[in-house]
Amino acid sequence: MEEYSIQVSNLTKRFGGFTAVDGVSFNVRAGEIFGFLGANGAGKTTTIKMLCGLLASTSGTATVGGFDINRQPDRVKRAIGYMSQRFSLYEDLSVAENLTFFGGVYGLSDAGLRERREWAVAMAGLQGRERSLARELAGGMRQRLALGCAVLHRPGIVFLDEPTGGVDPVSRRRFWDLIGDLSAGGTTVFVTTHYLDEAEYCHTIMLMHAGRIAAGGSPGSLKAEHIRNPILEVESPDAIAALDAIQDQSWAKETSIFGTNLHVSVDDAAEGERLVRRTLAEHGIPAARVGRVTPTLEDVFIQVIEGKSEAGSQTKVGA
Amino acid sequence: MHNPNHIVPIIRKEFRQIRRDPRTMGILLFVPVFMLMMFGYALNFDVRHTPVAVLDLDRTPASRELWQQFGRTEFFDLRYWLRDQREIDRLLGTERARLAVVIPPGYGADLAAGRSPAVQFIVDGANSNAATAVLGSLEAMMQQHSLRLTAERILRRGGSRVALPLDYRPRVWFNPELKSAKFLIPGLIGFILMVVAVISTTLSIVREKERGTMEQLAVSPVTPLELVAGKTAPYVLIALLSTTMILLLGAWLFEVRVAGSLLLLYGVTLVFILAALGMGIMISTLADTQQVAFMIAVIATMLPSYILSGFVFPIRNMPLPVQLITYLVPGRYYLVCIRAIILKGAGLEAFWPQVLALCAFAAMMLGAAAVRIRMKKL
């Protein structure tokens, strides 16, 4: 088996005068979960579409499963599975009929189809619901059925384009367990998401911003590389006022709203905590809790994107 | 390139979806029957039982004999006997009568004296088609009556048996009772097939775009041509079923029986259906939503198939520029073929140019659709 399932080199896509993907290069190791992150319009979906053969690249090359995406798109299509954020199932067909159809489209034999259909029904937790129409299923079930349809033909690589949108947290968690199982079984999983907590499940993360790769690596190495200062979490009934008070202080390296709390990057945790409390007291803002937190990928994301924006190197806005 | 293993699951899936979708089923089954009833019963050019009002100012046996003629034919119904000229205005104005007969005083006496009395007929001309038909029947009736009167006059003057100079014996072929249903039903098959085939294929393809399943299929090994072949095949079969249904209902309700070869009929129909499918696929490459696709399909099929195909209005009566446009309407060719087969029992030799034109049209439409699909415009 090759070391890399996907090799992308200088891949570029222009739509008229707009560059959606700008000279992107990266490799995806066989069997890993590869998380592709970025805001809407950062170029994630365009990249996936090029890798799946849905869109021709303007320049640059890529191989998927060893096949050139521009010269051998038919071979690529046989090697991959694809699931879009719309869970593109036939709503007026039953669970079994959807699986039968996609199995047939990928040329599965009758015996192979029967076996894989059973596997997919069990994987999606849809035993006993084989005859239900897809439109009658809850979001999480439809999502797992769509995954079943996408990997029915045992592709070596599966592309999941924002597969967890609009699904409840329990189902999301369960879905990531399935992704883990696929990866453990040797399937390369290429997944995009904008839930940063989900990115923690990935072996490798690539962060896209305005058509380019902004950062990449394992979640651990990304945090180590980009978050050198301790981060304090400040809980306050008036987080906005607290933000205004703290962000002008010279000792506060980075300040951002995090949910209903405030994250402040400082040089030293103990000294920082003292400074935060003093500043809030001076402004008459009550502080419920101040404490050090483990940095998350969201901290990394903010650090990287804000760094890019401040540097002014990236001024493009995605469409 | 066309792997039947790809096409078969698509055909199977399409049939399942058609079966589950009451709207599609309705379009495919109800619409043909509904249209057959509409056009067979409601669209009737036959003018029969025209209500007649009589103002007999003469009141002699001769005048009575004249107006009694109107009671002896199914074209007219004697309804009103008037006393006053003004009543005619009222009856024609309210459309209770469409023809008024005014026999002047002295009609009988003039006739007996060998003069030619004038009789007035007032026709409601609001509906020009109906009025033309009424005038035709009226003229024929009155000529016959005049001939009879002439003959009587000669006999009375002591002449022997009178032979008329011309023995008029018309005989109508193909549609002896001159029923418009017989003329309309073959055309109706063309109209229904065009509308149903184009709309259903267009919607079935655009629906996949709208729901995102098209994208799912685009990343699969299925080629666009396989996809379109698999998706349209069921509609070819359904369109042929529709044809059969209309033929059976037409025979049962309107006594329109196929005089010619059924094989030829279905052969020509198949070519016509392929042309319609080509159009449907073309339209589906232009639209991204079912609403837009439906609009385009209706505009592209309904009006041309109704007005420009010769279905209802004879093409030779149209102004020349419009006649030229009709050459772009496939129904024009199909209708010539199908009327010839059903009504006249004619063979291929009677309409091979139309069949050729139809084949060319189908090839062009399917070819253009294939090019659009290859350009990934689906």
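Predicted model: local features only at pLDDT ≥ 70, side-chain atom pairs only at ≥ 80, totals over all residues.
**View 1. Packing of helix 3 and helix 4 of chain A.**
Helix 3 (residues 95-105) of chain A packs with helix 4 (residues 110-123) of chain A at an angle of about 130°, and their axes are 10 Å apart. Helix 3 of chain A is therefore oblique to helix 4 of chain A. The crossing of helix 3 and helix 4 of chain A is right-handed. Helix 3 of chain A contributes Val95(A), Ala96(A), Leu99(A), Thr100(A) and Gly103(A) to the contact, and helix 4 of chain A contributes Leu113(A), Arg117(A), Ala120(A) and Val121(A). Sorted by class, the residues in this contact of helix 3 with helix 4 of chain A are 6 nonpolar, 2 polar and 1 charged.

**View 2. The open sheet of 4 strands in chain A.**
The strand order is 12-13-11-14 (chain A), and the pairing is antiparallel. The edges are formed by strand 12 (254-258) and strand 14 (289-293) of chain A; each has a single partner strand, so one side of each lacks a neighbour in the sheet. From one strand to the next, the twist averages 25°.

**View 3. Strand 11 and strand 13 of chain A, with helix 9 on the sheet.**
Strand 11 (residues 231-235) and strand 13 (residues 261-265) of chain A run antiparallel and are joined by 4 bridges. Leu232(A) has Val264(A), in strand 13 of chain A, as its bridge partner. Helix 9 (residues 239-247) of chain A packs on the sheet, where it touches strand 12 and strand 13 of chain A. The direction of helix 9 makes about 175° with that of strand 12 of chain A.

**View 4. Helix 10 of chain A across strand 11 and strand 14.**
Helix 10 of chain A lies across these two strands and runs at about 30° to strand 11 of chain A. Helix 10 of chain A spans residues 269-282 and includes Glu273(A).

With a relative accessible area of 27%, Glu273(A) is partly exposed. Leaving aside residues up to four places away in sequence, Glu273(A) touches Leu232(A) and Val290(A). Leu232(A) is the residue whose bridge partner in strand 13 of chain A is Val264(A). Val290(A) and Glu273(A) are 17 residues apart in sequence, and their C-alpha atoms are 6.6 Å apart in space.

Methods
Residues numbered from 1 in each chain as written. Chains lettered and ligands numbered in written order. Heavy atoms only, no water. Axes fitted to C-alpha atoms, helices over the stretch in contact; angles between N-to-C directions. Parallel < 35°, antiparallel > 145°, perpendicular 65-115°, else oblique. Left-handed = near helix turned anticlockwise from the far one by under 90°. Contact = heavy atoms within 4.5 Å. Nonpolar A, V, L, I, M, F, W, Y, C, P; charged D, E, K, R; others polar. Buried < 20%, exposed > 50% of the residue type's maximum accessible area, 1.4 Å probe, protein only. Pairing = 2+ DSSP bridges.
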